[in-house]
Amino acid sequence: MAVDPLSAELLYRACDTGPFEFETTAELEDLPGLAGQDRVLDALRFGTGIRRHGYNLFVLGPDAVGQHEAVSRFLADIAGRERVPCDWAYVMRFAAPHRPIMLELAAGSGAALKEAMAQLVTELKVTVPAVLESEDYQNRAQMIAEEFREKQEQAFDDLRARAEDEGLALLRTPSGFALAPVAGEGANKGEVLKPEVFNALPEVERKRLEAATIALQKELADTLERMPAWEKDHRQRMQALVSEAATRLVERAMRDLRKRFDTSASLRDWLNAVARDLVENIALFAGTVPTQQMQIGASGQIAPMQFGAVDPFRRYEVNVIVGNAQAKQTKGDFIGGGAPIIYEDHPTLQNLVGRVEHVPQMGALVTDFTLIKAGSLHRANGGYLLIDALKLLREPLAWEALKRALRRRKIIIESPGEFMSLVSTVTLEPDAVPLDVKVLLFGERHLYYILSNADPEFGELFKVAADFDDVLDREPENDLLYARFLAGLCRSEDLLPLDKSGVARVTERASRLAEDAEKITTAMRPVADLLREADYIARIKSSTVMTAFHIDAAVEAQIARADRMRESSLELITRDIITIDTEGDCVGQVNGLSVLSMGAVSFGRPSRITARVRMGLGSARVLDIEREVDLGGPIHSKGVLILSGYLSATFLPEIPFSMSASLVFEQSYGGVDGDSASSAELYALISALAEVPVAQGFAVTGSVDQLGQVQAIGGVNDKIEGFFDICMRRGLTGEQGVLIPAANVKHLMLRQDVVDAVERGVFAIYPVETIEEGVELLMGVPAGTRGTDGTFSAGSVYAKAEARLAAFADNQRRFAQRVDDNGKRK
Amino acid sequence: MAAHDPVVKPVNAVQRRVIVGIDTDRAAREALALAARMAARVDAGLSGVFVEDENLLSLSALPFVREVSLSGAVAEIDKAALLRAMQAQAQIAKRILQRVASEANVDWSFRVARGTRLRSLVEDAVQSDTLILRGQNISRHELGRTVRAATQDARADVLLAARGVVLNSAFAAETPQPLNRVMKMPERPLLAIDEGSSRGEACVGFSQSLAGRIAMPFKRLFARGFSVSDLGIAARKAHAGLIVVNAGSLKDDDDAARLSVAAGCPVLLLGSERATLGPEIR
């Protein structure tokens, strides 16, 4: 039954540098992305390969694993072989300016179309005035104008001639015309007769003049009434002339452009609309139409006031919101490749689906299609969009907008203000853009599970989960892979290379971070931080490589920087403010071990666990004081209840159990959770019950089941080191050590000073499989086994415990049979 | 003058003047624009005359006479309203004159006269002045009479643009830049009519000087014994932008208007004393 302490070799698994055939990592090639993450690789291949609706990816894993970098490398490889997606541009819908038209253009041709349209406008600005001012055009226009004028004047001349024949004159008045009799001879010939002269005329003449005046007045009125119709006819003829000249001009100017961009029906339709609009508004190019007139649409309705009011030629611009001419270059947030890979670092609603900007103009907020800005969905269309799930969920409306876009398979620009009815400014309703994108969400596992449970659409839209392993198996071939990973990291971060010892020490540190001697953490960030700090130290020491020495120094510096809480905790114990005995014996008292975690810092700390036992009332009741005051968590309570099961099954299984016990973490004022102290609690209870003292030089960790099997726990290294530090400060006696579950031996990656102490025999670590083994180690007496006679071996701890329980039971019975003075049972 | 009225800048008494009748209708505005351009080219002052037409005041007293509006509505004429309308027109005409003169950067003056339209213009003209006449809404005969009165009685020059004559061929505004770049407009010459007399010689000298001043190509036409229609044909053939002719060489009152129409361009009719003044232009 006696358990031997672990040898020093089992406390720390050193990395074997024998298989390393390099001197420094500078000689090693980079590790291809996702080495050792086969499950993720398969998921990514599947998720990116299947071009079906809803097969977007959720990349799960701890944040520090470096999924972004790994997935980006994977995508860059496949995206580079994919087709460059088309360009997207918004242009004006002339019939309805508030609903811009979306054009899909061949990759890279958006900019060309934009330039061609700008050239068209420039050309027309020159040629239209030239043609409209040309002698040929002017002569024709003049001819029409003269015909109109002549027609009018002819009518007046006829009237004037007839009036002159009648002795009348046609005169222009401030607001029209008038006919009046005039002098036919003399010095005043041609002047209107004054009343006295007129009255002096013979009556016959007066009547004739009056009748002629009235008759001609009527004719004059008729002539003037016909004028609007002539005017209309004149305008139409002028318009026809302008249209004829404009059509010829526009068609000639657009001939090359049409040929060059005859790529799709929608583009053809738009170019036809451009041609029509140019002809309609040709006067713009002659500089004769006030810009305000452009606000009135073809339908005659007043269009929303637009920014284009400033520059009427904006209507012919092309707003290329996505241009993929440069797609094959790494630029900005383009990571590379034929298909775009966009990482959206700030996934707000507008950054995702785009926005329509406004500019103040004459006190109003105005906009037009040139102010439409692309979102990351537009830019990633035809490729891949990478988003952090947590950032996305934190942004109001963004998650719903992303789902809507993926569900509809189109991008519709939505304004958050409009969406929430906060603003009511004139805005646009641009055409939707068809969406073909793979969205890759990155997030912690719990986020994935929350979304899976809480959002039914999540499963529909993100069917592929790529789950990153936190750890890799620590095998010789993986050590080499890890060395290549470190080599790549050093290169990408521009760090000094690692020599063999440095690689080994980082590997061992990665193993410690994984809390497992047989694993290596895949978390990149803490390892990268360690390398950066070691590089800093190495450069101070003028070293050209990073060695184990620099790694150790960096680890020590990390610990020292975050050491205040640990130091404070140690001081409280060494000054006996918190009572922890590390020598002597004590009944019902065991040193348990716990891990305190504060942010990125965690360390082990012993806690004094005490138990008191007395006779109970016919049942086995263990009072968990932590639970009673709501300081114990549910897992801790479960552990305590398991103890009751073990005790009642181990002792006096055939008679009622008459014990009442209490358990407490002494001087613990924060919460306690987890069941890693349940074995320590059981030892304390057994000690109290059997009244056998426990050696205080030991600390205990491990959970226990109802059968007395000691089970593995987490944080074993921190716990051992926490107790070792106390003992070390008080002076190692050689009688001190820690009992750990045997299943945790493979997790040991202890500090060198602990390993050294064990090697010197001044500290011991015992792997315990059962409670009975622990009892014997702690109390120096065998726990005892039940013999064929049904009793535990004499003098054993369990024999004493059972005898005490039997005494409790007898007392219980005696109490039950006591009678009072009247002969009645009390 | 009301406080808000524009300041009237008097034209220097000895300064050559371009006199134009101003009204608010299109023909009058065209004439005013032409007058302003001409004044700018020859360093003359611009003198605008608004005429309160006595004929209109007379007809308002005849009970059977009606005014027919531009829309064809017939209404009685009220003399007081007519006068108010004329005064309002005068104010508008003055503002137009001020703006046009300012744009052309010429000195200007304005006066309101009461009388008949053409006669009131001529009344104020003196020897060194140029009268601008448009043949709109005026009979050819009346136009001829006015030209004669101006050139012979007042001895002033008359620039006549008959009805239908394109005005921008002479004293044209600056050609638009884009147009200059893409095409070279043919320049229409100033055509001086030399009828073979000493006056004709003087006319040619004056015309040469004027052509240099207004940057027009110069052409001389020997036209001894030419009729008005011959002159018109020759002018059209020469693609003339402006014809300069001694007013005294025209025989009938109608000839001035007929020449302008036949030539398709304005005609500058020199006053009767122009020949004795020589070719200089002040």
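An open sheet of 4 strands, with antiparallel pairing, has the order 4(A)-5(A)-3(B)-4(B), where strands are DSSP runs of E with at least two residues, numbered from the N terminus, and two strands pair if DSSP finds at least two bridges between them. This is a predicted model, in which local features need pLDDT of at least 70, side-chain atom pairs count only at pLDDT 80 or more, and totals for chains, interfaces and linings use all residues. Residues are numbered from 1 along each chain as its sequence is written, while chains are lettered from A and ligands numbered from 1 in the order in which they are written.

- The edge strands, each pairing on one side only, are strand 4 (168–173) of chain A and strand 4 (74–76) of chain B.
- Within chain A, strand 4 and strand 5 run antiparallel and are joined by 6 bridges, with Ala169(A) standing opposite Ala180(A) of strand 5.
- Between the chains, 3 bridges join strand 5 (residues 176–181) of chain A to strand 3 of chain B, also antiparallel, and Gly176(A) has Ser69(B) as its bridge partner.

**The contact between the chains**
- Chain B gives 33 residues to the contact and chain A gives 34 residues, two residues being in contact if their C-beta atoms, placed from the backbone, lie within 7 Å.
- On the side of chain B that touches chain A, at least two residues each come from helix 2 (54–59), strand 3 (66–69), helix 3 (79–104) and helix 6 (177–182) of chain B, helices being DSSP runs of H or I with at least four residues.
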